[in-house]
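I opened the model to look up strand pairing first, then the surface. My entries follow.

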Amino acid sequence: MIKVKLFATLREGRQKEVVFDYFDGITGKYIIDMLDIKEDDVAIYLINGIDGKINDKLKDGDVVSIFPPVGGG
Amino acid sequence: MVFGYAGKILRVDLTNRRFRVEDLNLELAKKYIGGRGLATKIFYDEVDPKVEPFSKENKVIIATGPLTGTSAPASGRYMVVTKSPLTGTIASSNSGGYFGAELKLAGYDMIILEGKSDRPVYILIDDDKVEIKDAGNLWGKLVSETTDFLKNIHGEKAKVLCIGPAGERLVKIAAVINDYDRAAGRSGIGAVIGSKNVKAIVVKGSNKVQFYDEERVKDVVSNKIKMLRENGITGQGLPTYGTAVLVNIINENGIFPVANFQKSYTEYADKISGETMAKDILVRKNPCYRCPIACGRWVRLKDGREVGGPEYETLWAFGADCNVYDIDAVAKANYLCNEYGLDTISTGATIAAAMELYEKGYIKDEDIKEDGLSLRFGDSDAIIGWTKKIGLREGFGDNMAEGSYRLCQKYGAVELSMTVKKQELPAYDPRGVQGHGLEYATSNRGGCHVRGYMISPEILGAPQKLDRFSLEGKAEWVKIFQDLTAVIDSLGLCLFTSFALSAKDYIELYNAVCGFDFNQETILEAGERIWNLERIFNLKAGIDPKEDKLPKRLLQEPIPEGPSKGHVHKLSDLLPKYYEVRGWDEKGYPKKETLIKLNIE
């Protein structure tokens, strides 16, 4: 199982959290395509809180957090 | 003809209730840009660094920059420079809103307050008409009462800067508030103004800033506005959610300090996030002068009142840092900080430190029994109740009004104060962001995130993504960020423009407005000059370079859980390199050749 957490504008028209069944070879790219999120809208992509790449293969139980461009301070 | 600058300084002698208008030294202005830089230079030349912050010999400089009050985007900023009663370092606290631009349009680059009035006064500035007026009836009044009263007398167009009851009572974490809810928040500057018996400054301006090249300014400005609109952070993230959008991202990275930095991740962050604020309490945006970003928020409190909303730092300080996940309570505490004139970061963080002192048994029930408030982590009523008591120095709040360092010191537990140079750290655990921790340790005003915001590259990926755990290149990055930030602060622009703009863009604006010929090298050199002058002030004030440190917890106790689990901050590996790239000796003193290179006498 892969838990996907969405933030900021990516929540518009989507759930805050989506769960995907794990399969060998599942990546962030697959997930964002399924969620109809454009690659350009992914500014920050974390796997278990650590910077990842959307083409990285995920492991069963991973938590993915996806943010559009955000900032503040 | 003077371009960009107003060309005048208003010097107010509070002791003798006199003022005079002086010409700005343009050569000096060009060397130190304006705002934070020029105010620091003038302060350094006129005030003994060893001065007692509340003595009449301390001065307060309220300074705009050459771009403040122009058509440049986000150009409403001004800076308050003085010696801090909290840190003993130079204080330079920055604010937006409308006051800064109005001061410039009244014809002044800066106001210098000196001496001490023997009774409460406010200063009225209407272009070249200046009066020092009695404020006896305003002493004790909240910020909104003071602002309403003064706008009632002097007109809706008048812009008001004032202190609240906290500044009057010399609370060491008191802020200066302008336009009801914008704060020059940090380092206790509100108390310095309070010590001079100044309640408010009211300003009305009807001039225009002159440009060297009108057409060029028009083109450059529209280009920069376009860049800000097209950038994801300044064009979309900040406008939609305000700074509060950071709550979830910082938490997801496991660097969101919880319960006075005892943990760095919480499963409840979303309850106090920008997303929740937008859904539950947001009324509208609350923009500053000429700002296309408009990150300020206007929110509805539980009792129906509509007020300025909490920033990210505030949602953290009163929220996660106190283990409170009640957005209504945090918005209320934020509102009280604006009314009493308190720094939200230091107030929330001091309450959090008191909560840890209580839970560890240092503060006893009998110490706070008269107050009728708890000091338990997670208590929403406590954050509201203690904020008021700090603002009024009432009951146990009198101890907390000294800030967390002096509070923890009183109980023999300074290691529980999450401060650098006695100023409370903001909302990022440096154990999981190494460069940002170096910035905390070396900031010239103590614990502070906006002197070189390394979160931008280390977390947000702007202008490029750096590995947040790596030490590689971080000393160099921190130096450049600190120098560039000094430039932006001195120009009178909002730091948030730097998510989209780079040094080159600021140079284009500055040169077009003033007719100068700065390039990347000379502008960053000016930033470096400002940084070094602040450092020299601090050294002469008696701040030992050994104070370039972080609380023991962050150096020795690994983050216990979450995505940054197991990490500590590696300051001792970073600091020697930082001193080296700064051209300082291994003890942290600027080398003579560095000062000669920067042309600092």
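Two strands pair if DSSP finds at least two bridges between them. Strands (E, at least two residues) and helices (H or I, at least four) are DSSP runs, numbered from the N terminus. This is a predicted model, where local features need pLDDT of at least 70, side-chain atom pairs count only at pLDDT 80 or more, and totals for chains, interfaces and linings use all residues. Residues are numbered from 1 along each chain as its sequence is written, chains are lettered from A and ligands numbered from 1 in the order in which they are written, and side-chain values use heavy atoms, without hydrogens and water.

Entry one, chain A. I looked up strand S1 (residues 2–6) of chain A. Four bridges tie S1(A) to strand S2 (residues 17–20), antiparallel. Another strand, S5 (residues 63–67) of chain A, runs parallel to S1(A), with four bridges. I then checked A:Lys5: its bridge partner in S2(A) is A:Glu17, and in S5(A) A:Ser65 stands opposite.

Entry two, chain B. I found an open sheet of six strands in chain B, order S2-S1-S6-S3-S4-S5, with mixed pairing. Strands S1 (residues 8–13) and S6 (residues 110–114) of chain B run parallel, joined by five bridges. B:Arg11 has B:Ile112 as its bridge partner in S6(B).

I placed A:Met34 in helix H1 (residues 28–34) of chain A. A:Met34 counts as exposed (over 50%) because its relative accessibility is 53%.

How values were computed:
Buried < 20%, exposed > 50% of the residue type's maximum accessible area, 1.4 Å probe, protein only.
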